[in-house]
Amino acid sequence: MAYQKKAYLEHSAIRVKDIEWYIRFFKEALNMPIRKIDGRKDNPRQIWTIGGVQLIADPNFSGVEGRLAHLGIMVEDLEAAMEEVYKWNVTELPKGHNWVVLPDGLNLELIQAKEGSVEEALTVYPWMED
């Protein structure tokens with residue numbers, strides 16, 4: 001049986017060469033506030049914006065391949081979601097049971113949402129059909 005609860009994409013993680021430039025861009029060009037910083041504020045390893053962008057500092061990055069690090073998916077029931085996910089052709093990543101790599105190399109992080117928060121987040125899309 002397929003996963004019966006709801007889920008949504010909480011963030012997309014992207015590797016960037018100059019994280020400071022990207023922070024300024026998202027803050028100044030798009031007015032997207034930062035909700036979390038990993039590392040020092042003046043030299044962050046990574047940041048998350050409100051709205052689902054995670055930027056990962058990767059100063060040695062030089063090509064277009066591999067820029068997308070992973071997709072973070074919020075789920076109503078992590079245990080049930082993982083049970084369903086592992087029925088597919090996926091491989092667990094060293095980061096933990098809730099991290100998987102899909103057959104084509106796309107990494108997913110599944111995250112347990114707070115009670116009612118997935119439904120609340122999905123109300124942002126009033127045109128969504130059940």
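Q54 is found in strand β4, which spans residues 53–57. The model discussed here is predicted.

Reader: Why is Q54 called buried?

Author: Buried means under 20% relative accessible area. Q54 has 3% relative accessibility, so Q54 counts as buried.

Reader: What makes the pairing of the side chains of Q54 and H11 a polar contact?

Author: A polar contact requires a pair of N or O atoms within 3.5 Å, one able to donate a hydrogen and the other to accept it. The side chains of Q54 and H11 are joined at 3.0 Å. A polar contact of 3.2 Å also links the side chain of Q54 to that of W48.

Reader: Which residues is Q54 in contact with, leaving aside its neighbours within four places in sequence?

Author: Q54 is in contact with H11, S12, A13, I14, Q46, I47, W48 and H70.

Reader: Which residues of helix α2 are buried, and how do you know that they line one face of the helix?

Author: In α2, residues 78–85, the buried residues are A81, M82, E84 and V85. Viewed down the axis of α2, these residues fall within an arc of 160°, so they line one face of the helix. The face turned away from the buried side carries the exposed residues E79 and E83.

Reader: What do the buried residues of α2 pack against?

Author: They pack against β5 (68–75), β7 (96–101) and β8 (107–112).

Reader: Which residue caps the N-terminal end of α2?

Author: D77 caps that end, with a side-chain oxygen 3.3 Å from the backbone nitrogen of E79.

How values were computed: Residues are numbered from 1 along each chain as its sequence is written. This is a predicted model: local features need pLDDT of at least 70, side-chain atom pairs count only at pLDDT 80 or more; totals for chains, interfaces and linings use all residues. Side-chain values use heavy atoms; hydrogens and water are left out. Buried means under 20% relative accessible area, exposed over 50%, partly exposed in between (1.4 Å probe, protein chains only). Helices (H or I, at least four residues) and strands (E, at least two) are DSSP runs, numbered from the N terminus. The arc is that of the directions from the helix axis to the C-beta atoms. Contact means heavy atoms within 4.5 Å.
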